[in-house]
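Work through the exercises below with the model open. Each task is followed by its solution.

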Amino acid sequence: MSPSPAGPGARPNPLRTLSTLPVLAVQAAWVAARVPRLPEAAGPRHGRTGTGPVLRLLVVGDSSAAGVGVAHQSEALSGQLARALASDFDVSWRLIARSGATTAGALARLRQEPPAAFDVALTALGVNDVKNGVALGRWLDRTEALHRLLRDRFGVGLVVASGLPPMGSFPALPGALGRFLGARAEAFDTALRARLGGRPGTVILPGAMPLDPAGMAADGFHPGAAVYADWGLRGASAIRAACPTR
C-alpha cells in the first residue's frame with residue numbers, strides 16, 4: 001500500500017489498509033519466520049568515561065537502545081554516545097533498555113526504578129508502537145508521560161527523543177508491509193515533533209537518516225555499528241548544543 005497522497009505526515013488510508021490486510025498479514029508472517037532474532041549487545045550497562053564537567057546520562061529504549069545488531073555495548077548506542085561526549089564531559093552513563101519494549105513498557109519499567117539523578121536522557125522508542133498497531137494519539141500521550149516521569153523521578157533537565165527511523169527502508173520489510181510501516185513511522189515522527197518539539201528542555205533528534213543496507217545488522221531490521229556510530233554522534237551534538245561546557 002502506498003502512503004496517502006494527503007502528504008508525507010498523513011496517516012495511512014484505512015480503506016486501503018483494509019484492502020491490503022491479507023497481503024500485510026502474509027508478509028508479516030514471512031518476516032517473523034525468516035528474520036533472525038539477534039541478541040542484545042553484551043557488556044556493561046553503566047559506566048564512566050571522559051574528562052570535564054560531570055554529565056549524568058540515561059539512555060532508555062527498545063532493542064535499538066539495547067544494542068541488538070552489534071556484539072558489544074561499546075559499539076551500540078550508549079557506548080557510541082558516551083565516547084562521543086567523553087572529549088568534553090566526565091560522562092556517567094546508564095542504560096535501561098529491552099528488546100520488544102514499547103513506550104508503555106518503558107514507562108512501566110521506569111516507574112519500578114528507584115529515584116535517581118540524571119542531567120540528560122536520550123530515548124529510543126516508537127518502532128514497536130508503530131509495528132504493534134498502537135494508536136498514534138495513545139503513543140503521544142505515553143511519550144509525554146515518559147518525559148514527565150524522567151523529569152519528576154530522575155531530575156532530567158534535557159530529554160533527547162530519537163525520532164522514528166525510515167522503516168520503509170528497512171531491508172527486512174518487503175513490499176506493502178514496508179510501505180505501510182514506513183508511512184506509519186513517518187506519521188508518528190511528524191506528530192512527535194508537532195507535540196513536543198518546541199518545548200523547553202526537549203530536543204527531537206532526527207530519525208529519518210539515510211539507511212545504507214550495508215550499515216544495517218544481519219537481520220535487516222536493526223542498526224549495525226556504522227548506524228549506531230552516526231546516531232551517537234548526532235545525539236552528542238544535540239547534547240553539546242544544549243549543555244555547553246564551561
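**Exercise 1.** Is Phe 154 buried or exposed?

Solution. Buried means under 20% relative accessible area, exposed over 50%, partly exposed in between (1.4 Å probe, protein chains only). Phe 154 has 0% relative accessibility, so it counts as buried.

The model is predicted: local features need pLDDT of at least 70, side-chain atom pairs count only at pLDDT 80 or more, and totals for chains, interfaces and linings use all residues. Residues are numbered from 1 along each chain as its sequence is written, and side-chain values use heavy atoms, leaving out hydrogens and water.

**Exercise 2.** Find how Phe 118 and Phe 154 pair.

Solution. Aromatic rings (Phe, Tyr and the six-membered ring of Trp) pair if their centres lie within 6.5 Å; planes under 30 degrees apart are stacked, over 60 edge-to-face, the rest tilted. The structure holds four aromatic pairs. In one of them, Phe 118 and Phe 154 lie 6.3 Å centre to centre with 50° between the planes, a tilted pair. Phe 118 sits in the loop between helix 4 (103–112) and strand 4 (120–124), and Phe 154 in helix 6 (residues 136–154), 36 residues apart. Helices (H or I, at least four residues) and strands (E, at least two) are DSSP runs, numbered from the N terminus. Phe 118 is buried, at 8% relative accessible area.
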